[in-house]
Amino acid sequence: MPCPSFLIEHDRGLVLFDTGVSPRGLANPEEYFPHLAERFQLERRPDLGVDYQIRGLGLRLEDVKYVVPSHLHFDHAGGLYLFPGSTFIVGEGEIEHAYMNSSGPYFLLDDISPTRSFRWIEIGGDLDLFGDGSVSILFSPGHTPGSLALFVRLPDRNFILSGDSCHYPAEVQLGAARSPGADAPRATRSLQRLILLRDTWDAYFWIGHDMGQWQEWPHAPASI
Ligand SMILES: [Zn+2]
């Protein structure tokens, strides 16, 4: 399954939603992800790292003003360390939960501890980031305590980026989150709210880990 990062251009700065698997890990999987690389059969290509991808757009990593990790699992938080000058927005309870569970397998201390001195802001509800309705962070707990999704309004269409509020289209069809080890009722409430917003805000619901949707849309260096 893909582990995408989404870079959103706004007049007031670049927003990065998720940072994928660690570029350090992609360069050296056996050392960085003992057992994990094998278990998840990670594609070991450093050119898939978020650093490589952003530079490939002709941008600098320092140009990213806001980083919004949907949550802090290793397949979303691996590139956090690359953005020491950015402002990080994270769901309430996520950081504490990540450190408490950082012995693995899904949270990695090496992903999150380098960011201890970064500027982190926790939100316990939705946040209209620029005050113009174009980028709204949607508090969607359940998969993890501080899970987030993102609403993005482009000039001609709207998206809701799922984060890991769900992984499979069937969950959206059924309105039920299947999220092993998580708070399932809470995850389902969050997913049902996102489905409602999909309809009332006229948005396309993009499931980050779904291969079908990954193939449906262009990737960097192309844009939507
Ligand atoms: Zn994930």
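Author: A donor is an N, O or S atom within 2.8 Å of the metal, and with that in hand we can read the metal site of this model, which is a predicted one.

Reader: Which residues coordinate the zinc ion, and at what distances?

Author: The zinc ion is held by Asp75 through OD, His76 through NE2, Asp164 through OD and His209 through NE2, at 2.1 to 2.2 Å. Along the sequence these donor residues follow the spacing D-H-x87-D-x44-H. Asp75 lies in helix α5 (residues 74-77) and His209 in the loop between β10 (203-206) and α10 (211-216), so that this pair, 134 residues apart, links distant parts of the chain.

Reader: How should I read the angles around the zinc ion, and what arrangement do they make?

Author: In general, the ideal angle for four tetrahedral donors is 109.5 degrees. Four donors count as tetrahedral if all angles lie between 85 and 135 degrees; here the four donor atoms subtend angles of 85 to 165°, and the arrangement is therefore irregular.

Reader: In what order do the five strands of the open sheet stand, and why is one side of β1 and of β5 left without a neighbour?

Author: Strands of a sheet pair through backbone hydrogen bonds, either parallel or antiparallel. In this sheet the order is β1-β2-β3-β4-β5, with mixed pairing. Because β1 (6-10) and β5 (119-123) stand at the edges, each has a single partner strand, and one side of each lacks a neighbour in the sheet. From one strand to the next, the twist averages 25°.

Reader: How many bridges join β1 to β2?

Author: Five bridges join β1 to β2 (residues 13-17), and the two strands run antiparallel; Glu9, for instance, has Leu14 in β2 as its bridge partner.

Note on methods:
Residues numbered from 1 in each chain as written. Predicted model: local features only at pLDDT ≥ 70, side-chain atom pairs only at ≥ 80, totals over all residues. Heavy atoms only, no water. Pairing = 2+ DSSP bridges. Helix = DSSP H or I, 4+ residues; strand = E, 2+ residues; numbered from the N terminus. Axes fitted to C-alpha atoms, helices over the stretch in contact; angles between N-to-C directions. Donors = N, O, S within 2.8 Å, 3.2 Å for Na, K, Ca; no water. Tetrahedral: all angles 85-135°; square planar, octahedral: opposite > 155°, others 65-115°.
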